[in-house]
Amino acid sequence: MEVVVLLGAPGAGKGTVAERLRQTGRFRHLSTGDLLREAVRQGTPVGQEAEAYMKRGDLVPDEVMARLVEERLRAGADSVAYLLDGYPRTLEQAEALDRILQRCRGRLPHVLFFDAPREVLRQRLAGRRVCGTCGAVYHVRNLPPRREGRCDRCGGALEQRPDDREETVERRLEVYQRQTEGLIRRYEMCGLLRRINAAQSLEGMLSDVDRHLGAAGDAGQGAGSCLPRGL
Ligand code: AP5
Ligand code: MG
């Protein structure tokens with residue numbers, strides 16, 4: 001199994017890029033945010049625990065996330081390639097992912113880091129709309145639907161994500177800076193980080209991603225985690 005981590009601030013475009021790559025048939029998209037939102041909707045024990053953290057814009061506890069991710073990765077066949085969107089987000093989660101990959105004999109050839117200034121992130125989150133039926137993501141200005149307020153794919157009503165309200169966005173950006181940004185250095189040091197300019201058009205981002213993933217097939221030989229050799 002191969003896992004490509006998508007790292008970046010809220011609104012950087014991780015989910016949008018992952019969805020486009022999923023449509024090529026090369027990857028499965030595993031978004032921890034989407035898994036949690038689904039758990040909240042269904043009222044599962046994980047959803048009940050996660051809801052309050054998500055509403056505030058805080059991170060759900062590391063142990064809950066590790067269980068959720070391992071369960072999903074284990075359910076896939078060895079030949080599957082995953083885009084892991086939104087995990088890891090803390091140092092503890094990065095270490096947990098290394099252990100999970102060891103147990104599942106998985107490889108981590110790249111960490112794609114989506115880099116954009118705060119003003120771009122705020123503008124993207126403020127204008128994001130999501131289909132309440134199928135989950136497709138739009139932006140009122142940047143990626144508008146053909147018919148206002150309606151999903152192109154299924155005709156469902158478009159909604160604003162509850163955590164995209166201004167106060168919660170500020171909290172999420174602060175949490176990202178405090179708890180997640182440190183991972184950039186970690187993955188840079190083990191040679192896995194591929195920096196993507198996320199302040200450009202979606203097509204531009206996709207072409208940068210493609211370039212990195214193309215090169216990765218060869219460069220990834222023997223790579224797989226930040227674990228010291230021999231572990
Ligand atoms: P999650 O759902 O992962 O949210 P996030 O990380 O805050 O990221 P977003 O989904 O907001 O942004 P994105 O980068 O996917 O941007 P998108 O592609 O939609 O997590 C939500 C919550 O769940 C967390 O706050 C936390 O509570 C919990 N959680 C999740 N994972 C966790 C973990 N590992 N540990 C603990 N807790 C966890 O794009 C944004 C907008 O911009 C869209 O409208 C899009 O159309 C537009 N857009 C995208 N690209 C472009 C472009 N190039 N040009 C113009 N517009 C663009
Ligand atoms: Mg997302």
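This is a predicted model: local features need pLDDT of at least 70, side-chain atom pairs count only at pLDDT 80 or more; totals for chains, interfaces and linings use all residues.
A polar contact of 3.0 Å links the side chain of Arg186 to that of Asp98. Arg186 sits in helix α8, which covers residues 182-189.

Is Arg186 buried or exposed? Its relative accessibility is 17%, and because buried means under 20%, Arg186 counts as buried. Leaving aside residues up to four places away in sequence, Arg186 touches Leu91, Ala94, Glu95, Asp98 and Cys226.

## The shell around ligand 1

Now to the ligand. There are 36 residues around ligand 1, and those that come nearest are Thr16, Asp58, Arg89, Arg128 and Arg172. Sorted by class, the shell is made up of 15 nonpolar, 12 polar and nine charged residues.

Several arginine side chains are worth a look here. Arg89 places a side-chain N or O atom 2.7 Å from an oxygen atom of ligand 1. For Arg37, a polar side-chain atom is 2.9 Å from an oxygen atom of the ligand. With Arg124 the ligand atom is a nitrogen, and a polar side-chain atom of this residue lies 3.4 Å from it. On its own, ligand 1 exposes 1,000 Å², of which the protein buries 97%.

Which elements give two or more residues to this shell? They are the helices α1 (14-22), α2 (32-42), α6 (118-127) and α9 (202-219), together with strand β6 (137-139). The element that gives the most is α2, with four residues.

## Strand β5 and its two partners

Strand β6, one of the elements that give residues to the ligand shell, also pairs with strand β5. β5 spans residues 128-131, and three bridges join it to β6 in an antiparallel arrangement. Within this pair, Arg129 stands opposite Tyr138 of β6. β5 and β6 form a hairpin with five residues between the strands, and Gly135 in this hairpin takes a positive phi near 85 degrees.

What else does β5 pair with? Strand β7, residues 158-159, is joined to β5 by two bridges, and these two strands also run antiparallel.

Key: Residues are numbered from 1 along each chain as its sequence is written. Chains are lettered from A and ligands numbered from 1 in the order in which they are written. Side-chain values use heavy atoms; hydrogens and water are left out. A residue is near a molecule or strand if one of its heavy atoms lies within 4 Å of it. A polar contact is a pair of N or O atoms within 3.5 Å; within protein, one must be able to donate a hydrogen and the other to accept it, and residues adjacent in sequence count only if both atoms are side-chain atoms. Accessible areas come from the Shrake-Rupley method with a 1.4 Å probe; for residues, only the protein chains shown count as cover. Ala, Val, Leu, Ile, Met, Phe, Trp, Tyr, Cys and Pro count as nonpolar, Asp, Glu, Lys and Arg as charged, and the others, Gly among them, as polar. Buried means under 20% relative accessible area, exposed over 50%, partly exposed in between (1.4 Å probe, protein chains only). Contact means heavy atoms within 4.5 Å. Two strands pair if DSSP finds at least two bridges between them.
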